[in-house]
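Let's go through this one as a set of questions and answers. Here is the structure to keep in view.

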Amino acid sequence: MKTLNRDIWVFGDYRNYFQNRVTLQLLARAGELAPKTGGSICAIVFGHDIGEYVSEYIAHGAEKVYVVDHPQLKQYSIEAYTGLMERLIKAHRPEILLIGATCFGKEYAPKVAKRLKTGLTADCIDLDINKDGLMIQTSPSFGGNLIAEILTPNNRPQIATVRAGTFQEISHNADAKGEVISMPIPDDLPMERVRLIRSERLPKKGRKIEDTSVVICGGRGMGSKQKFKKIFELAHLMDGEVGVTRPVVHAGWSGPNTLVGQAGRQISPKILISFGISGAIQHTAAIDDADFIIAVNKNPNATMMKLADVAVVADANQACLAIIKEIKKKIQL
Amino acid sequence: MLNLIVCIKQVPIVSELPWDSKTGTLRRELAEGMVNPSCKHALEAAIRLSDQHNGKITVFSMGPPMAEEALYEAMAMGANRGVLLTDKRMAGADTYITSLILARAIKKKCPDFDLVLCGDQTSDSETAQVGPQLAEELGIPGVTNVEKLDLSTHTLCLERQTDDFLEILEMDLPGLVTISPHYYVPRHVSLGGVQQAFDYPNVDILGTDDLELDPGLVALKHSPTKIIRVYSPATEKENIVLKGAVKRIVNELFDRFGDRIGGAMGKDLKTHDHP
Ligand SMILES: Cc1cc2nc3c(=O)[nH]c(=O)nc-3n(C[C@H](O)[C@H](O)[C@H](O)COP(=O)(O)OP(=O)(O)OC[C@H]3O[C@@H](n4cnc5c(N)ncnc54)[C@H](O)[C@@H]3O)c2cc1C
């Protein structure tokens, strides 16, 4: 497919608006890329009674918003949404489409890319435009410590998914102006072959690791489940949250909801203390936004130690215990 | 009779594999393989459905020749036959081309299927894209991250958790699901069982020519996405290194950075002097 313009489209994924601001974050990044492509920043919104999201997207940088508002679209529906996006893209032929890597986005993007016979890169940690005007899709790769830059040179649009927390939203500007382009629902959308019977919101978890200013991360180097309890003790003492690496989840020392990394949570604490973690890219891609990192590892050459503001060469357990003692002492004063 | 297909992938046991700097792809031939964990859950789900509804299971895998082992492991678990798609020209396929090749093979070897089951993602790349793209390529509905399924006549009832919602869905058949590794814990197979499966070879091996793909198709060349550069991440932090006796290090840590630590905790820590 040849493009008609250099526009950057962002899929408006509003279902968990208050928990997940990935659409706003993508609009912000699109705003940084648009001057390099020379196109407009567009949001695409499907649903019913969605005016408030349309205004939010304009206030966060969308210059145009394509809207299909119809009772039939009240619930997120994978087949209708795929068909709508396919038609819209074939009609308007943008250069780039960005989709948040929510559960829905991860199901949606591959289908849209396949329908349009184009490429897709999952879970990008950065996006940029190269000198030929192509989007560089940077994504962790090869199961280890490597990062790959990926292009979709010949097919359009260039599509990427991005996890929440990768980019920063711009602040809300109520005076921003944007063009709203409303479209009717096509009358020949195929019958839904997947039907939602029931949907209920799962109970909210407590304070989230994404929002805390202190995160204590523990890795395989803590040694055992018993010893790992010190990580929880320190986090509790500092009124922070616990983050872990994948081997820790696999060993059952902590639950999957504490996983920090590409496959888990993205964090941006004021302080991160990391114990016994080697620093694989799948983990460190999620801690970029930590203001200050203290890493403890017996191996001074571990990648995590190089990424730290302060690298403490020591046994992870002994150091954790000593820090607990020190803080207890200082709080009592 | 219920006609089930399971797509499985052999993945490296270790996550850190050498890669070929010329092509930018993994040198998988160097790794010992195992069946991707969530693919095993998909197979377990298929076996339970098959037991309830008198079904048969065909397992497909695309990969290097040694991926045949994965098919025998699947048969030891309870699959009836296997199809291995292997060809140098398939190497370096992105998810677009992988799903295209799998779809061709399914249409050729097992066109009358009722349900395709895939793992929700692989442990070595985690894109989670092949399942949904395969559904598109086959022109059938697909649902990802399914935790439980229940079959009655010609609709499938599905339960899943997605973006903080619990959803119950109904899907027409034929269709495709990707299975999350929670509910369908795979049955154990003994080494002896795998050995036995090898004694009754029931695996078809197909290359690109057998699939009537475009004769010029070379996965690396025709994949829409191209890897242009691979590198390891760098950093530009001051990187102060503290070493020595633990107690001394921790004292130094709080002397120099107590403000920062306390600031993040919302408490004043630095007022204390060490004797
Ligand atoms: C597709 C994919 C996605 C992934 N997603 C994630 C993800 O989201 N999050 C994640 O965390 N991982 C993820 N991983 C796994 C990741 O690649 C690493 O394997 C993992 O992060 C390593 O965890 P670790 O640092 O705890 O363990 P290791 O790599 O084993 O490191 C342990 C460290 O502890 C140190 N150590 C050992 N003993 C001591 C001691 N007594 N005192 C002090 N230090 C000690 C060692 O020197 C070493 O540096 C993913 C992998 C893949 C392939």
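Q: What is omega for the peptide bond from A:Arg156 to A:Pro157?
A: In general, most peptide bonds are trans. The bond from A:Arg156 to A:Pro157 is cis, with omega near -5°.

Q: And what about omega between B:Leu173 and B:Pro174?
A: B:Pro174 is in the loop between β11 (165-172) and β12 (175-179) of chain B. The bond that joins B:Leu173 and B:Pro174 is cis, and omega is about 0°.

Q: Before going on, what kind of model is this?
A: Residues are numbered from 1 along each chain as its sequence is written, chains are lettered from A and ligands numbered from 1 in the order in which they are written, and side-chain values use heavy atoms, with hydrogens and water left out. Local features need pLDDT of at least 70, side-chain atom pairs count only at pLDDT 80 or more, and totals for chains, interfaces and linings use all residues, as this model is predicted.

Q: Which phi does A:Arg93 have?
A: A:Arg93 is in the loop between α3 (78-92) and β4 (96-100) of chain A. A:Arg93 is not a glycine, yet its phi is positive, at about 45°.

Q: Is A:Thr37 buried or exposed?
A: Buried means under 20% relative accessible area, exposed over 50%, and partly exposed in between (1.4 Å probe, protein chains only). A:Thr37, in helix α1 (residues 22-37) of chain A, has a relative accessible area of 7%. So A:Thr37 counts as buried.

Q: Which residues is A:Thr37 in contact with, leaving aside neighbours within four places in sequence?
A: Contact here means heavy atoms within 4.5 Å. With those neighbours set aside, the partners of A:Thr37 are A:Arg6, A:Ile8, A:Ile96 and A:Ile129.

Q: Is A:Lys298 buried or exposed?
A: Look for A:Lys298 in the loop between β15 (292-297) and α8 (303-307) of chain A. Leaving aside neighbours within four places in sequence, A:Lys298 is in contact with A:Val313 and A:Ala314. Its relative accessible area is 70%, so A:Lys298 is exposed.

Q: Which residues come nearest to the ligand?
A: The ligand lies between chains A and B. A residue is near a molecule or strand if one of its heavy atoms lies within 4 Å of it. Of the 28 residues around the ligand, those that come nearest are A:Arg220, A:Thr245, A:Ala263, A:Ser278 and A:Asn297.

Q: How many Å separate an oxygen atom of the ligand from an N or O atom in the side chain of A:Thr245?
A: A polar contact is a pair of N or O atoms within 3.5 Å; within protein, one must be able to donate a hydrogen and the other to accept it, and residues adjacent in sequence count only if both atoms are side-chain atoms. A polar side-chain atom of A:Arg220 lies 2.7 Å from a ligand oxygen. For the side chain of A:Thr245, the distance is 2.5 Å.

Technical notes. Helices (H or I, at least four residues) and strands (E, at least two) are DSSP runs, numbered from the N terminus.
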